[in-house]
Amino acid sequence: MAYTTEKSRQAFIEAKQHIPGGVNSPVRSFRSVGGTPPFIDSASGSRLFDIDGNTYIDYVGSWGPMILGHAHPIVTEALKNALSRGTSYGAPTLLETELAQRIKAVFPSMELVRMVNSGTEATMSVMRLARAFTNRKKIVKFAGCYHGHNDGLLAKAGSGATTLGIPDSPGVPESIAAITITVAYNDVPGLTEIFRQHGEDIAAVIIEPVPGNMGMVLPRENYLASVRKLTAEYGALLIFDEVMSGFRVAHGGAQEVFEIVPDLTCLGKVIGGGLPVGAYGGRRDIMEWIAPAGPVYQAGTLSGNPLAMTAGIATLKLLAETTEFYKIINEKTANLCDGIRQEADKLGVKLQLHRLGSMFSLFFSDKLVYDYDSAKKSDVSAFNIYFHAMLEQGIYSAPSQFEAAFMSAAHTEEDIKATIAASAVALRKVKEYYK
Ligand SMILES: *Cc1c(COP(=O)(O)O)cnc(C)c1O
């Protein structure tokens, strides 16, 4: 059957009448790659099914959460049971303690855990906490790192290597952007200089230890250790935003891989098993500043919601109890990346392919990608050609050069073979474009 998106095209036109840009989160709109986003009807395992009757092998996985694949029978069954017990009480449940325990078992740096409803909420809360605890105002972030859409974290670098915050979005007050300092990722001298100038005022450094929101970028050797050392030296807190990398690049996230103990950690995505969840936690002496244990206010009507807790518990239980879960999913991802790399090499198409665990990115660039500026030098037109060629062959990946891809446990050997074969076709199109 020829690839058609007629129904999605109509649905998108209709959606735009009622929803800004037709979507509830901007990247879904295909703005940067062009064309019509397929409207999804359902999903199962590694597959997405759209309203035009197309089937896709999915490497977005709802932007990270679906590490078990879609509609995993055990998670689905747990949710059905939970549903009949009521969907929200606004009172404590055993489920919240169990999820906190399961998180702590894998992230020992998180001595106390507070559940919220999104990654954005986790980073927002953690900044308030860091400012209260240190009695300092400034937050350091890294260009190209995304921490949700909080005012204070939407500021990022201008063209310079290190720049004082300029709002990235209208509506973000300059006074808030001004207390956000943006530094290039992987740049130790840049960060050292910022600490030399502002060290006494810096409440915290927030970092995606393995960034996935400028495409996936890997830390240089000892980079994260240097960031840890600098923050400790100046009495600033180190916040690992592992909303994406947690339970993804490894069971215990980037902090396990690189053996760094942050003061505070933000989680989301995988820990909600596909339901809306975020969490933050860390050192007990800091977390005890959170209300009602301490004076820093943070609350949520639906926080710790029984459905979200149930999906999270079922997911984390499977991750902990499935034999060699991470070994298998990581090998599968490595095989896929190797296959794509071989096709690119055969054709002489220059790629920067990054992978850690079951997360990966390909940049259309012949130069190393190690920060936001180098990421931005990749060939977005080549990416767009590749993206659409993959989509038409039934491979659904993130509609932007600057996003990561995710494997799930449900992807089969056949899925991976089919993806590599589709990739060969798509890369040939890129090669023709380069001519
Ligand atoms: C997705 C993401 C967030 C935001 O989480 P939401 O649930 O979308 O609010 C924050 N930080 C990182 C690193 C993320 O990948």
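## Residues around the ligand

In this predicted model, the shell around the ligand is made up of three nonpolar, six polar and three charged residues. Gly is counted among the polar residues here.

The shell includes Ser-118, Gly-119 and Thr-120, and also Tyr-146, His-147 and Gly-148.

## Polar contacts and burial

From Thr-120, a polar side-chain atom lies 2.7 Å from a ligand oxygen. From Gly-119, a backbone N or O atom lies 2.8 Å from an oxygen atom of the ligand. Tyr-146 faces a nitrogen atom of the ligand instead, with a backbone N or O atom at 3.3 Å.

How much of the ligand does the protein bury? The ligand taken alone exposes 380 Å², and the protein buries 82% of that area.

## The second largest pocket

Rolling a probe the size of a water molecule over the atoms shows where empty space is left. The second largest pocket has a volume of about 300 Å³. Its lining consists of 19 residues, and those closest to the centre of the pocket are Ala-91, Pro-92, Glu-96, Ser-303 and Gly-304.

Which elements give two or more residues to this lining? They are helix H3 (94–106) and strand E4 (112–116). By residue class, the lining of the second largest pocket has eight nonpolar, nine polar and two charged residues.

Conventions: Residues are numbered from 1 along each chain as its sequence is written. This is a predicted model: local features need pLDDT of at least 70, side-chain atom pairs count only at pLDDT 80 or more; totals for chains, interfaces and linings use all residues. Side-chain values use heavy atoms; hydrogens and water are left out. A residue is near a molecule or strand if one of its heavy atoms lies within 4 Å of it. A polar contact is a pair of N or O atoms within 3.5 Å; within protein, one must be able to donate a hydrogen and the other to accept it, and residues adjacent in sequence count only if both atoms are side-chain atoms. Accessible areas come from the Shrake-Rupley method with a 1.4 Å probe; for residues, only the protein chains shown count as cover. On a 1 Å grid over the protein atoms alone, a cavity is a set of points where a 1.4 Å probe fits but cannot get out, and a pocket is an open set with protein on both sides within 12 Å along at least five of seven lines; lining residues have an atom within 4 Å of a point. Grid points are joined across faces, edges and corners, and a volume is the space filled by probe spheres set on the points. Helices (H or I, at least four residues) and strands (E, at least two) are DSSP runs, numbered from the N terminus.
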